[in-house]
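Here is a short briefing on one structure. Please look over the sequence and the model before reading the points below.

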Amino acid sequence: MALDLHQKNGNAGQASDLQIKLNAEFANLTQEQRIKRLYDYFDVSEVLLTSSFGGSSALILDLFSKVNKAQKIHFIDTGYHFDETLAYKDQLSAALGMEVISVHPQPEAHEVTRKEQWWIDRANECCGFNKVDPLDAILPNYKVWVSGVMAYQTPQRAHFKIFEESNHLFKFHPIIDMDEAEGNRLIEELQLPQHPLTFQGYGSIGCKYCTFQGKGREGRWTGSDKTECGLHTVSSILTVKEN
Ligand code: SF4
């Protein structure tokens with residue numbers, strides 16, 4: 001059953017009847033049941049699943065592999081990932097039997113950030129060129145965007161619902177209510193490949209210039225008040241869809 005979101009969604013910033021219905025319906029399901037139920041509402045071709053192939057990425061990818069291996073994984077390749085992350089992407093996706101599509105920034109834009117080392121003092125713009133803009137380019141092809149963010153990870157994520165919505169696009173967070181202890185336990189139990197930097201004290205893993213050893217996300221953009229790249233803030237969806 002594919003939805004006609006143009007008819008059923010509300011305006012930007014307002015929760016539509018459908019968003020309210022979906023959040024109520026999915027709240028009491030297990031995380032795996034939520035993913036199964038997603039496909040009652042959306043065709044696989046309408047679902048964008050992204051992953052950074054970081055330390056906790058195996059959690060949501062394992063669930064999707066159990067429910068629907070036809071679901072492709074999109075990886076935003078900023079050009080600044082650790083070699084270990086690129087190797088882990090190949091290793092984990094092979095173990096799960098899922099296909100990965102890499103999405104790249106515009107070469108000219110990326111080159112400017114590289115030459116001028118924007119991650120040092122223009123990090124928000126660097127993330128904009130290398131992460132948000134490449135996502136912006138593909139989002140209009142989908143009706144729902146899925147990510148494995150969890151509420152405990154950042155103050156912004158603590159406010160996310162299972163479904164967020166703006167202008168004909170849903171954002172779906174099926175494991176938003178998984179806590180850190182449960183995630184760690186599951187990663188052990190699943191016996192899936194783990195990101196090698198996890199064993200070197202990296203609690204969260206992003207681009208190599210902005211990721212340092214530390215607990216949780218304390219090693220991300222160390223020394224600045226930046227906590228998000230901009231991909232997972234609701235405002236980025238609004239920007240993407242309204243501009
Ligand atoms: S995380 Fe750092 S290197 Fe990666 S895009 Fe953002 S500012 Fe640039």
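F53 has 25 C-beta neighbours inside 10 Å, so F53 counts as buried. The model it belongs to is predicted. F53 sits in the loop between β1 and α4. Its phi is near 50°, a positive value in a residue other than glycine.

- Most residues other than glycine have a negative phi.
- Q191 is not a glycine either, and has a positive phi of about 55°.
- Q191 belongs to the loop between α9 (180–190) and α10 (234–242).
- Q191 is exposed because 8 other C-beta atoms lie within 10 Å, and the limit for exposed is 12 or fewer.
- F53, by contrast, is buried with its 25 neighbours, since 20 or more are needed for that class.
- N167 has a positive phi of about 40° and lies in the turn of the hairpin formed by β5 and β6.

- β1 runs parallel to β4 (residues 144–146), and 3 bridges join them.
- L49 has V146 as its bridge partner in β4.
- β1 also runs parallel to β2 (residues 73–76), through 2 bridges.
- T50 has H74 as its bridge partner in β2.
- Between β1 and β2 the chain passes through helix α4 (residues 57–67), and this β-α-β crossover is right-handed.

- β5 and β6 (residues 169–172) run antiparallel and are joined by 4 bridges.
- E165 pairs with F170 in β6.
- The hairpin has 2 residues between its strands.

- R157 lies in the loop between β4 and β5 (163–166).
- R157 counts as partly exposed because it has 19 C-beta neighbours inside 10 Å, where buried would need 20 or more.
- R157 and I176 are 19 residues apart along the chain, and their C-alpha atoms are separated by 8.0 Å.

**Helix α8**

- α8 spans residues 123–138, which is 16 residues.
- At 1.5 Å a residue α8 should span 22 Å, and its end C-alpha atoms are 22 Å apart, so the two agree.
- α8 bends by about 40° at F129.
- F129 is also one of the buried residues of α8.

**Around the ligand**

- Which element gives the most to the shell around the ligand? It is α8, with 5 residues.
- The ligand has 13 residues around it, and W119, C126, C127, C207 and C210 come nearest.
- The shell divides into 9 nonpolar, 3 polar and 1 charged residues.

Definitions and conventions. Residues numbered from 1 in each chain as written. Predicted model: local features only at pLDDT ≥ 70, side-chain atom pairs only at ≥ 80, totals over all residues. Pairing = 2+ DSSP bridges. Right-handed = clockwise from strand over helix to strand, strands pointing away. Expected span 1.5 Å × (residues − 1). Bend = angle between axes of the 7 residues up to and from the residue. Near = placed C-beta within 6 Å. Nonpolar A, V, L, I, M, F, W, Y, C, P; charged D, E, K, R; others polar.
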